[in-house]
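Work through the exercises below with the coordinates open. Each task is followed by a solution in steps.

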Amino acid sequence: MKTAFFFAIAVGMVAAASAAATWSSSSRSPLGPQNWGSIAGYELCGTGKSQSPININKASTTYKNHPALSFANGAGNIAFQMMNTGHAINALPSNPDGAPVLSGGPLGSATYRLYNIHIHFGNSTLKSSEHAFENTRTNGEFHIVTYKTTYGNISAAVGSGEAGALAVFGVLFDARNVSNTDSGITTFIDYASNLTYNGDSSTVSLPFPMMATTEDLKTFYTYSGSLTTPGCAEVVTWLVNDRIHYVTPDVMDQLAGLRSGNMSVPSYLLLDNTRPLQMLNGRVVERNFEAPSAASIVSVSLVSVLVTIAASLKNW
Ligand SMILES: [Zn+2]
């Protein structure tokens, strides 16, 4: 009863606000991910059957010999306009026409131009990656968003509704005091930490090859999914790097004070700008690398069978 009452309030607020077509990435907002499907124009977020993000159960993935991915025009440092959008920290290439172009893997010879790089993040203790491995999230995830060059721009690609109109390379990162921290993500976070309020922006130089290393472009999971923000269009070929990257807890916590609004209005913290895990609904998740060892596959498979049985019992 109590839940229904609060849901009614939330939906009421969603309806009232829908004229402005607003949404929030914060689960603490009535316009947050839990209610996106109730916002006019964003119904697919609630009804879609190929939504993202998902849990990746490694033992349930299917091996397919996809070649490595590669970026053309991706060498050296690249200038980006980085901005706090109120939903994430987005970095758009300053020269969009000369931006790196992705191909290979399941994309084959089709070419996908970089649109933006953005991050979903928690703090050093809050696990807010979008995808999960074995139902475990990490502290953050960065997304390199690209669109098929046969479309003139990102809007046309999203509007096409074509599965695979976009390709997003995702990298999960975790906050740990280890020596092999990731300089690409650390640089991104250093710059992002200055953009406290919605609308704050700056021109930055990002070491692009460090954010999509040749090594990381060789090992990934891939599946057909959606944007993880409204309207959740099911147009994305997801490419999720197998390797978890690291930043120090101190670096991770530099993002803890970022806000979703501007300086003059109360707003939510930007952190935890992460959509809940979505149902797989029978989709196949492929991996392009052989499993590490038969023994571990067998044991993990057994666990996954037990988890599946437990989950099906729960449905009763
Ligand atoms: Zn994203």
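Metal donors are N, O and S atoms within 2.8 Å of the metal (3.2 Å for Na, K and Ca), and water is not among the atoms, so sites may look incomplete. The model is predicted: local features need pLDDT of at least 70, side-chain atom pairs count only at pLDDT 80 or more, and totals for chains, interfaces and linings use all residues. Residues are numbered from 1 along each chain as its sequence is written, and side-chain values use heavy atoms, with hydrogens and water left out.

**Exercise 1. Find the residues that coordinate the zinc ion, and give their spacing in sequence.**

Step 1. The coordinating atoms are NE2 of His118, NE2 of His120 and ND1 of His143, at 2.0 to 2.1 Å.

Step 2. Along the sequence, these donor residues follow the pattern H-x1-H-x22-H.

Step 3. Strands are DSSP runs of E with at least two residues, helices are runs of H or I with at least four, and both are numbered from the N terminus. Histidine 120 belongs to strand 7 (residues 112-121) and histidine 143 to strand 9 (residues 140-148), so this pair ties together parts 23 residues apart in sequence.

Step 4. Buried means under 20% relative accessible area, exposed over 50%, and partly exposed in between (1.4 Å probe, protein chains only). Histidine 120 is buried at 4%, and histidine 143 is buried at 1%.

**Exercise 2. Search the whole structure for aromatic pairs and state how many there are. Then work out the geometry of the pair phenylalanine 71 and phenylalanine 208.**

Step 1. Rings of Phe, Tyr and Trp (its six-membered ring) pair if their centres lie within 6.5 Å; planes under 30 degrees apart count as stacked, over 60 as edge-to-face and the rest as tilted. The search gives four aromatic pairs.

Step 2. For phenylalanine 71 and phenylalanine 208, the ring centres are 4.9 Å apart and the planes stand at 85°, so the pair is edge-to-face.

Step 3. Phenylalanine 71 is in strand 3 (residues 69-72) and phenylalanine 208 in helix 5 (residues 208-211), so the contact ties together parts 137 residues apart in sequence.

Step 4. Phenylalanine 71 has 16% relative accessibility and counts as buried; phenylalanine 208 is buried at 1%.

**Exercise 3. Which residues do ring pairs link into a cluster with Phe133?**

Step 1. Take tyrosine 221 and phenylalanine 289: their ring centres are 5.4 Å apart with planes at 75°, so this pair is edge-to-face.

Step 2. Tyrosine 221 lies in strand 12 (residues 220-225), and phenylalanine 289 in the loop between strand 15 (286-287) and helix 7 (294-314), 68 residues apart.

Step 3. Tyrosine 221 counts as buried at 2% relative accessibility, as does phenylalanine 289 at 15%.

Step 4. Ring pairs link Tyr221 and Phe289 with Phe133 into a cluster.

Step 5. A charge sits over a ring if NZ of Lys or CZ of Arg is within 6 Å of the ring centre and within 35 degrees of the ring normal. Lysine 58 lies over the face of phenylalanine 133, 4.5 Å from the ring centre.
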